[in-house]
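Please look through the structure shown below before reading on. The briefing that follows takes its parts topic by topic.

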Amino acid sequence: MGKQEKPRTLIAKLRLRWYLALRTVLGFWVKPRVQADPDGNIGSNGDKPVCYVMDSYALSSVLILDTCCEQQGLARPLLAIPDIPQSPTRSYAALKRLKGILFRRPDPRRNSDMLQLMVEENWANPELDIQLVPVTVLVGQRPSKDSGFTRIIFSENWEIGGRLRRFFSTLVNGRKTFVQFSRPVSLQELEAEGLDSALALRKVSRILRVHFKRVRTAAIGPDLSHRRTIVDQVVNSPTVRAAIEEKARRSGITAEKTRRQAIKYGREIAANYSYSVIVILETMISWFWNRIYNGIKVNHFEGLQHQALGHEVIYVPCHRSHLDYVLLSYLVHENGSVPPHIAAGINLNLPIVGSLLRRGGAFYLRRSFRSHKLYAAVFYEYLSTIQSQGVSIEYFIEGTRSRTGRLLPPKAGMLAMSVRSYLNAPVRPIMFQPVYIGYERLVEGNSYTTELSGKAKRSEKLSDLGKIFGVARHNYGEAHVSLCEPIFLDDLLKQQDPQWQETIRKEAKRPAWLGTVIDDLGQSIMTHINASADVNPINLLALVMLGTPRHALGEQQLARQVSLYQALLKQKPTPERVTVTQKDAQEVIEYGIVMKVLKRQEHPLGNIISLQPDRAIGLTYFRNNAAHLMVLPSLVACCFLEHRSFLISHLHKFAIIIHPFLEAELFIPWGQREIVKALDDSIKQLIQNGLLIRNKDDETLSRTTDNPETVIQLNILAHSLLQTLHRYLITVSLLARNGSGVLSRTELETLCIHTAQRISMLHEFDAPEFYDKALFKGFIAQLRKTGYLSPNQDNKLVFDQRLAQISKDAKFILGEPIRQEIDRQTPIVGSAN
């Protein structure tokens with residue numbers, strides 16, 4: 001490309017001087033930030049002619065772009081394109097312009113004149129290979145947390161602003177200006193497709209329009225119509241019209257009345273997204289976070305914007321607290337992306353609060369609507385509409401907050417609707433983004449404990465807002481948020497059916513593999529979440545202290561145990577995305593004291609560290625956050641509770657047997673094929689840390705005999721998994737003692753809960769999560785899924801000798817005292833206990 005020349009005519013020279021003078025004035029205030037394209041490049045650095053393309057024309061945008069290009073050593077938009085005689089004295093084009101002097105309206109032209117000229121010149125001289133470089137200039141993309149109301153009003157939106165608005169927008173938000181360069185579009189490559197210039201112009205215009213919409217959506221959010229318009233669009237869709245007609249026919253009421261009911265449902269569901277409210281909420285939330293948290297630690301957020309570009313992003317975090325809703329949206333916004341629309345339970349649609357959350361992106365759904373076909377149709381169509389518009393969405397597939405700290409089994413409802421919507425209209429490929437959220441203290445901690453103890457969950461009320469001031473008086477440590485490995489729906493579909501798009505077009509009914517895709521997707525999301533856990537100091541202390549008989553240890557002993565856990569968690573088989581606190585063992589202990597989890601008692605023979613009396617039950621939650629990461633070393637340690645040595649082959653065999661149950665309950669990141677290799681890695685780590693030795697026969701492991709401290713360390717380590725194995729043994733023992741075909745599923749669940757509750761009260765501190773109904777229910781369901789149990793014609797559970805083998809192996813590993821106690825406490829139906 002030849003060198004750009006300055007204009008030769010007087011008018012052109014004066015115009016350029018005027019523009020440069022305005023650029024100088026603008027430069028005193030506007031400090032643009034340049035963002036490279038996904039390849040890390042800025043503009044086109046070759047010797048080919050360059051024409052910059054903007055979505056809409058604004059003189060300030062051109063001047064800002066010219067400044068950036070000059071600083072980067074690129075071709076400048078204010079100068080003519082060389083080697084093109086008919087080129088005007090500029091090298092930029094705009095797809096949209098306003099016309100008029102006082103009252104400016106969008107120009108109805110079909111194509112940009114400059115863009116048309118570039119296409120025609122390239123078709124006349126193919127060797128030119130003109131490069132079209134899309135550029136997006138955003139003024140006030142994301143007002144800062146200290147932004148005032150004026151900054152919010154003049155931040156970027158989807159309307160083409162007039163001169164006056166652009167002036168004030170630049171004046172108010174000029175310091176928050178972003179210039180996004182995208183990959184160049186080669187007209188020579190487009191010409192190679194064999195299109196004539198007219199068709200090529202339409203095609204490249206369409207490509208650029210779609211591109212600018214994606215970039216702008218990623219930066220400031222989707223172009224949402226008025227809420228009433230979206231509701232009307234949903235109600236007028238073929239799916240909802242068919243549901244209206246069906247309900248009117250079944251109920252004997254008029255179609256118009258049924259339609260009004262559908263509109264009412266739509267208004268109950270739909271969000272009323274407001275960018276201004278988002279920024280106002282950000283300011284309020286920033287104050288709240290800084291008040292109750294020492295900080296928010298984020299992991300793996302880099303690269304989110306590039307991965308998300310061109311995808312419909314669905315955030316699927318774990319659900320620990322009501323604060324999850326706002327925490328993730330806040331962080332997404334802080335990291336330069338658009339806060340998602342959030343599926344919230346209808347119980348949160350409270351007066352005032354519900355409306356505010358709706359403007360922040362919340363859309364509401366009822367807990368269950370399977371029997372309400374009209375409501376289901378409206379909700380499905382609303383979800384499909386915002387999904388097809390490129391709106392990022394957030395929902396919790398666990399269905400409710402975890403009361404135990406473990407991930408709950410995924411519910412298929414929202415996942416199924418998202419997948420079905422995509423299959424019906426695959427507009428944008430879907431990227432599911434799992435998110436791990438962890439805390440060091442829970443706002444709802446006390447209520448979780450009472451609910452696990454059997455007390456009914458209390459409904460949310462408007463008066464609960466008053467508790468915020470009480471919450472703000474406490475220190476909740478740090479919050480921890482990690483983005484997990486994303487899951488791309490297209491990849492899952494191709495695994496089931498490489499020609500899935502063709503299958504969908506040909507088959508009128510749902511494909512047979514759809515249920516499998518949804519189940520695999522739910523399982524993958526939960527596994528990815530646990531594979532990106534963040535282990536904070538409170539998790540470490542909970543894992544150690546709850547493994548001791550009296551919840552107390554000598555300070556040096558505690559420090560050694562914490563160091564051991566940190567060493568195990570930082571090496572294989574721990575997943576690579578898992579993060580562990582950078583505090584050393586002594587700093588972890590001091591932090592526990594500051595957080596009022598631990599107390600130190602001085603003693604002449606060495607300080608003793610113990611749990612605060614009222615914190616033991618609550619800490620089970622934080623132990624369970626990280627228990628899945630310690631499951632393999634804990635399983636190995638369990639084998640040495642009653643044995644000095646153990647065959648490695650027996651350990652492998654038992655791990656393979658219980659793997660399906662651990663995978664279903666703890667969502668461990670190792671599949672059936674990887675479990676033995678992962679177990680061997682754990683054994684290697686325990687040997688390297690001096691807890692075990694491999695005997696000369698290379699087939700058995702033994703406890704270290706020269707250091708009594710290692711016996712205590714193994715016992716504490718075993719406790720991380722011990723209660724899980726106890727629950728399994730209680731269930732299997734109840735079945736074995738009562739016999740095949742005696743107990744129904746409901747009867748077995750009830751007996752399991754009562755037995756575990758009694759053992760907990762007699763021998764452990766009374767931790768309600770030990771006899772949590774959901775855990776027993778999940779284990780029994782997995783026994784049925786794996787074929788160990790099946791119902792007979794009377795709905796009684798029948799089983800064979802394989803179940804007895806599980807019981808035998810578990811009793812051998814756990815030892816005689818535990819076996820006798822569980823056998824003594826498990827009742828036989830019809831006999832007195």
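Strand 11 and strand 12 (residues 362-365) pair in the parallel sense over four bridges, where helices (H or I, at least four residues) and strands (E, at least two) are DSSP runs numbered from the N terminus, and two strands pair if DSSP finds at least two bridges between them. This is a predicted model, in which local features need pLDDT of at least 70 and side-chain atom pairs count only at pLDDT 80 or more, while totals for chains, interfaces and linings use all residues. Residues are numbered from 1 along each chain as its sequence is written, and side-chain values use heavy atoms, with hydrogens and water left out.

- Strand 11 (residues 341-345) is mostly covered, since five of its five residues are buried; buried means under 20% relative accessible area, exposed over 50%, and partly exposed in between, using a 1.4 Å probe and protein chains only.
- In a regular strand the side chains alternate between the two faces of the sheet.
- In strand 11 both faces are covered, with His 341, Ala 343 and Gly 345 buried on one side and Ile 342 and Ala 344 buried on the other.

**The chain and its nonpolar cores**

- The chain has 33 helices and 26 strands, and buried residues make up 54% of its 833 residues.
- Among the contacts in the chain with a separation of 6 or more, 75% are between residues 24 or more positions apart; contact means heavy atoms within 4.5 Å.
- The largest nonpolar core has 186 residues, and those with the most contacts inside it are Phe 363, Tyr 395, Phe 432 and Ile 525; a nonpolar core is a set of buried Ala, Val, Leu, Ile, Met, Phe, Trp, Tyr and Cys residues joined through side-chain atoms within 4.5 Å.
- Helix 29 (residues 708-738) gives the largest share of this core, 13 residues.
- A second, separate core of 23 residues includes Tyr 52, Leu 63, Leu 65 and Cys 68.
- Leaving aside its neighbours within four places in sequence, Tyr 395 is in contact with residues including Ile 314, Ala 343, Met 414 and Phe 432.

- Three strands form an open sheet in the order 18-21-20, with antiparallel pairing.
- Strand 18 (552-554) and strand 20 (598-601) stand at its edges with a single partner strand each, so one side of each is left without a neighbour in the sheet.
- Strand 18 is joined to strand 21 (residues 608-611) by three bridges, and Leu 553 has Ile 609 of strand 21 as its bridge partner.
- Another open sheet has three strands in the order 22-24-23, and its pairing is antiparallel.
- Its edges are strand 22 (645-647) and strand 23 (692-694), each with a single partner strand, so one side of each is left without a neighbour in the sheet.
- Strand 22 and strand 24 (residues 700-703) pair in the antiparallel sense over three bridges, and Ser 645 has Ser 702 of strand 24 as its bridge partner.

**Helices and a buried serine**

- Helix 23 (residues 555-569) has 15 residues, and 11 of the 15 are buried, so helix 23 is largely enclosed by the rest of the structure.
- The buried residues of helix 23 include Leu 558, Val 562, Tyr 565 and Leu 569.
- Ser 682 lies in helix 28 (residues 675-688) and is buried, with a relative accessible area of 3%.
- Leaving aside its neighbours within four places in sequence, Ser 682 is in contact with Pro 573, Leu 632 and Pro 633.

**A loop residue**

- Pro 38 has its place in the loop between strand 1 (33-35) and strand 2 (50-56), and it is partly exposed, with a relative accessible area of 33%.
- Although Pro 38 and Gln 307 are 269 residues apart along the chain, their C-alpha atoms are separated by 9.0 Å.
- Leaving aside its neighbours within four places in sequence, Pro 38 is in contact with Arg 183, His 306 and Leu 309.

Note on methods. Expected span 1.5 Å × (residues − 1).
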